[in-house]
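User: Hello! I am new to protein structures and would like to go through one with you, step by step.

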Amino acid sequence: MLRMDGFVYRHASSWEDALALWQSNPEAQYIAGGTDLLPNVKHGLFAPKLLVGIGGVPAGVRREAEAIVISAATRLDDLAVDSSIREHLAPLAQAAALVASPQLRAMATLGGNVMLDTRCMYYNQTLFWRQALGYCLKAEGTWCHVIAGPKTCVASQSSDTVPVLLALDARLRLLGPEGRRELSIRELYQYNGMDHLRLTAGELLTDVVIPTPGPGFRGSYSKLRTRDSIDFPQMGLAVCGQWEGSTPRTLEIVVGAVSPQPKPVRGLDAFVGAPLDDAAIGAIADLVHKQTRPQGSVHGDSNWRRQMAAVFTRRALTALRG
Ligand SMILES: Cc1cc2nc3c(=O)[nH]c(=O)nc-3n(C[C@H](O)[C@H](O)[C@H](O)COP(=O)(O)OP(=O)(O)OC[C@H]3O[C@@H](n4cnc5c(N)ncnc54)[C@H](O)[C@@H]3O)c2cc1C
Ligand code: SF4
């Protein structure tokens, strides 16, 4: 039985309410669906004194001028079946539907998925397990067992929706002690598994804003994992673009779950504006392979995960070009 130390739970019914509750106690943490936070508390990774519940904040998807706006409190299950998400942002619906299992998606929120802690097979373990190993740099220790060194943590950003949100150029609306601000999701993550979010203390994600895709938009999300029924990604690949027949007018590819930061693939402009034949698809797959360097923080041989990024690229582009 994994027990949790005592904490106080306070329920917020608005973002402002949640921020005010957080400000009342410097050791507070936000909790949305709790599907990641509570296992981490049980594993002794966090010991919050106050949990501020944001599951009661209004959820849902709405339209604003030239954008689709999703409340961070929206459950992944609802996102996966929302008619405007399915119609305009199909890869996001696809990614949300591939997170964890039906029970977890019924609780899990988009905000929690974007803000998810980084993962590592030496870190997401019980206190007893971690203690026996002498802990690690990310929690209570001084050594990284993945790269065998005392300085860098390469725990993985392992959210399924995040590569798609980067490929869709999403913006994040944040509310914190210093007020409101907007940030491109491409600016949120940094290459440091111990501190991978560029946020100030207490900042809340309130909304995810996605520009309505232009005409001919097509995209997909593919996920590599051991058990399709529940597992986190060992690698996730988002491909999005605007197409005219088999010609991409824009093209974005983002690889997730390989390092603390999702990886947008560079150099795709060279393939835009001409029909995507098999040779071009092969060249893009080579580019993805070259730029993907999976760290050994999650299960699965790193070389295999890298090769699968190229395989998934080839499959996705072949399907998308029609
Ligand atoms: C068995 C299992 C399998 C899983 N498989 C997957 C998987 O395949 N893919 C995947 O992506 N995830 C997976 N997860 C992780 C988790 O279920 C999801 O990432 C989920 O979306 C987290 O959302 P939540 O609302 O439950 O977040 P919570 O657990 O409530 O919170 C997660 C973190 O986000 C912070 N947070 C939450 N909302 C906000 C906000 N609005 N503003 C600021 N901070 C916020 C919390 O403080 C916490 O640090 C799995 C979890 C389990 C237990
Ligand atoms: S990558 Fe290294 S430091 Fe980071 S969680 Fe894993 S073992 Fe710990």
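The questions and answers below go through sheets, helices, loops and cysteines.

User: Before we start, what should I know about the model and its numbering?
Analyst: This is a predicted model, in which local features need pLDDT of at least 70, side-chain atom pairs count only at pLDDT 80 or more, and totals for chains, interfaces and linings use all residues. Side-chain values use heavy atoms, without hydrogens and water, while chains are lettered from A and ligands numbered from 1 in the order in which they are written, and residues are numbered from 1 along each chain as its sequence is written.

User: What is the strand order in the open sheet of 3 strands?
Analyst: Strands are DSSP runs of E with at least two residues, helices are runs of H or I with at least four, and both are numbered from the N terminus. Two strands pair if DSSP finds at least two bridges between them. Here β1 (8–11) and β2 (28–31) are the edge strands, each pairing on one side only. The pairing is parallel, and the order is β1-β3-β2.

User: Are the side chains of Leu50, Val52, Leu51 and Gly53 in β3 buried or exposed?
Analyst: Buried means under 20% relative accessible area, exposed over 50%, and partly exposed in between, using a 1.4 Å probe and protein chains only. Leu50 and Val52 point one way from β3, Leu51 and Gly53 point the other way, and all of these residues are buried.

User: Which strands stand at the edges of the sheet of 5 strands, and why?
Analyst: This open sheet has antiparallel pairing and the order β4-β5-β8-β6-β7. Each edge strand has a single partner strand, so one side of each is left without a neighbour in the sheet; these strands are β4 (61–64) and β7 (179–184).

User: What angle does the direction of helix α1 make with that of β8?
Analyst: Axes are lines fitted to C-alpha atoms, for helices over the stretch in contact, and angles run from 0 to 180 degrees between N-to-C directions. Contact means heavy atoms within 4.5 Å. Helix α1 (residues 15–23) packs on the sheet and touches β5 (67–71), β6, β7 and β8 (204–211). With the direction of β8, its own direction makes an angle of about 145°.

User: How are α11 and α12 oriented to each other?
Analyst: The axes of helix α11 (residues 278–291) and helix α12 (residues 302–320) come within 8 Å and cross at roughly 150°. Angles under 35 degrees count as roughly parallel, over 145 as roughly antiparallel, 65 to 115 as roughly perpendicular and the rest as oblique. The two helices, α11 and α12, are therefore roughly antiparallel.

User: Where is alanine 257 found?
Analyst: Most residues other than glycine have a negative phi. Alanine 257 has a positive phi of about 65°, and it is buried at a relative accessible area of 3%. Its place is the loop between β11 (247–256) and β12 (263–264).

User: How many disulfides does a search of the whole structure find?
Analyst: A disulfide is a pair of cysteine sulfur atoms within 2.5 Å. Cysteine 136 counts as buried at 9% relative accessibility, and cysteine 144 counts as buried at 7%. For disulfides, the search of the whole structure gives a count of 0.
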